[in-house]
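Here are my notes on this one, jotted down as numbered points. Have the model open while you read.

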Amino acid sequence: MNPLLERLNPYPFERLRELTAGITPNPDFAPISLGIGEPRHAAPALIAEAIMCAMPALAAYPATGGTPALREAIAGWIGRRYGLTLNPASQVLPVNGSREALFAIAQTVVDASRAGATVVCPNPFYQIYEGAALLAGAEVVFANSDPARNFAVDWSQIDDATWAKTQLLYVCSPGNPSGAVMPLAEWQALFELSDRHGFVIASDECYSEIYFRDEAPLGGLEAAARLGRHDFKNLITFTSLSKRSNVPGLRSGFVAGDAALLKKFLLYRTYHGSAMSPIVQAASIAAWGDEAHVIENRARYRRKFADVTPLLSSAVEVALPDAGFYLWAAVPGGDDIAFAQGLLAQYNLVVLPGSLLAREAHGNNPGAGRIRLALVADEAECLEAVRRIVSFTKSR
């Protein structure tokens, strides 16, 4: 067996199951889960229609690079969303959801034969980053988020000696779990570090289309273009239809950016067997070409968060995020695991302890004392869940 498998940590939801295995939820309350960030709004009908019409395409093997029509649809969306002109043939590549691509990029980029191969991640973080780095044979170094700066990542915690060994940097904007969006100045600082040390930036932007401000979140490619970096050197962005279009089961997204990196990534993926199904490609073309369902979906999240956030803030420290569909709330007393266990026992409500989403780094676990609430259910269920949290908090 690959000995690197032994370095993998249990996934947060596996750890949560272990921590709650002996708890019997109160049967007086119907079960509600705000734990998993799985969109539960209805998928747009146009996607189902596209799938049905594309069924005959199952008779042929799909190309790993996707059809020209799909790459053009993605490039068209990038142009409308960010005002950028990308070459569909060399700067865009469809992937089977951002999750598998975020894993695969580390296997493509990291050279474990170089001494001290390092991957830098934000903290808290999406655990795929860590697993991808470990299985690529790299060491993982974390940069903690800073509550005093709206949970922006404190990249200054990484010293020059570590940056010099870094081969890959994962960033997530809007962030999971905090929803924080990286400003242009932060992008500029990271680009300068990348130029100095030669590492690749993998920008996870799967929450980019659910936001609460008037201005849409700044994307990595957009930031690069504003700074005159039109070749997107050492930058790849990752985007998915899962959150944007409520189709996590479709497993469809794309990567875009540095053409030289994408050429190598395509080579890896050709051997990895990661071609997208023809019917998923057809559905993706329909989804990337339609914005009406995205606007409606975003409006629904905005209404939900507008109702839920003030109610929750009456009991715990929490604020409306910049983007995403999570609330990142502080718990009274600071013990996020005990708080989650108590909620399940007393009110049959599942939330995710923040400490399970982070690692001990720079003297603390930056997720400790907080819980992540995924407001993916309908409005009534989310409101009921928050009422239970308020009641539980007041009863402690």
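1. Met-1 sits in the segment ahead of helix H1 (12-19). Keep in mind that we are looking at a predicted model. Met-1 counts as exposed because its relative accessibility is 93%. Together with Leu-5 and Leu-8, Met-1 makes a nonpolar surface patch of about 350 Å².

2. With a relative accessible area of 64%, Ala-21 is exposed. What is 320 residues away from Ala-21 in sequence, yet 9.8 Å away in space, C-alpha to C-alpha? That would be Gln-341.

3. Now for the salt bridges, of which the count is 14. One of them pairs Glu-100 with Arg-269, and the closest N and O atoms are 2.6 Å apart. Glu-100 belongs to helix H4 (residues 98-109) and Arg-269 to helix H10 (residues 259-272), so this pair ties together parts that lie 169 residues apart in sequence. Are these two buried or exposed? Both Glu-100 and Arg-269 are buried.

4. Arg-370 and Glu-317 form another salt bridge, with 2.8 Å between the closest N and O atoms. Here, too, distant parts of the chain are linked: Arg-370 is in strand S13 (residues 370-374), Glu-317 is in the loop between H12 and S10, and they are 53 residues apart. The two ends of this bridge sit in opposite surroundings. Arg-370 counts as buried because its relative accessibility is 9%. Glu-317 has a relative accessible area of 53%, so it is exposed. The cut-off for exposed is over 50%.

5. Asp-146 and Arg-149 also meet through their side chains in a salt bridge, at 3.3 Å from N to O. Asp-146 has 22% relative accessibility and therefore counts as partly exposed. Since buried means under 20%, that value falls outside the buried class. Arg-149, at 42% relative accessibility, is partly exposed. Elsewhere in the chain, Glu-384, Arg-387 and Arg-388 are joined in a network of salt bridges.

6. On to the aromatics, where the count comes to 18 pairs. Tyr-207 and Phe-325 make an edge-to-face pair, with 5.4 Å centre to centre and 90° between the planes. Why does this pair tie together parts that are 118 residues apart in sequence? Because Tyr-207 is in the loop between strand S7 (200-204) and helix H8 (220-226), while Phe-325 is in the loop between helix H12 (292-313) and strand S10 (326-330). Tyr-207 and Phe-325 are both buried.

7. Stay with Phe-325 for a moment. Phe-325 also forms an edge-to-face pair with Tyr-326, at 5.0 Å centre to centre and 75° between the planes. Tyr-326 is buried, as is Phe-325. For a separate item on your list, ring pairs link Phe-29, Phe-339, Tyr-347 and Phe-392 into a cluster.

8. Where does Asn-246 lie? You'll find Asn-246 in the loop between helix H9 (241-245) and strand S9 (253-257). Asn-246 counts as buried because its relative accessibility is 8%. The side chain of Asn-246 is joined to that of Asn-297 by a polar contact of 2.9 Å. Setting aside neighbours within four places in sequence, Asn-246 is in contact with Pro-39, His-41, Ala-42, Ala-43, Leu-241, Asn-297 and Tyr-301.

9. Last one: Gln-167, placed in strand S6 (residues 166-172). With a relative accessible area of 4%, Gln-167 is buried. Which residues is Gln-167 in contact with, leaving aside its neighbours within four places in sequence? The contacts are Val-109, Val-110, Asp-111, Arg-114, Ala-117, Thr-118, Phe-199 and Val-200.

Notes:
Residues are numbered from 1 along each chain as its sequence is written. This is a predicted model: local features need pLDDT of at least 70, side-chain atom pairs count only at pLDDT 80 or more; totals for chains, interfaces and linings use all residues. Side-chain values use heavy atoms; hydrogens and water are left out. Patches are made of residues with over 30% relative accessible area and no salt bridge: like charges are joined within 9 Å, nonpolar side chains (Val, Leu, Ile, Met, Phe, Trp, Tyr) within 5 Å. Accessible areas come from the Shrake-Rupley method with a 1.4 Å probe; for residues, only the protein chains shown count as cover. A salt bridge is a side-chain nitrogen of Lys or Arg within 4 Å of a carboxyl oxygen of Asp or Glu. Helices (H or I, at least four residues) and strands (E, at least two) are DSSP runs, numbered from the N terminus. Buried means under 20% relative accessible area, exposed over 50%, partly exposed in between (1.4 Å probe, protein chains only). A polar contact is a pair of N or O atoms within 3.5 Å; within protein, one must be able to donate a hydrogen and the other to accept it, and residues adjacent in sequence count only if both atoms are side-chain atoms. Contact means heavy atoms within 4.5 Å. Rings of Phe, Tyr and Trp (its six-membered ring) pair if their centres lie within 6.5 Å; planes under 30 degrees apart count as stacked, over 60 as edge-to-face and the rest as tilted.
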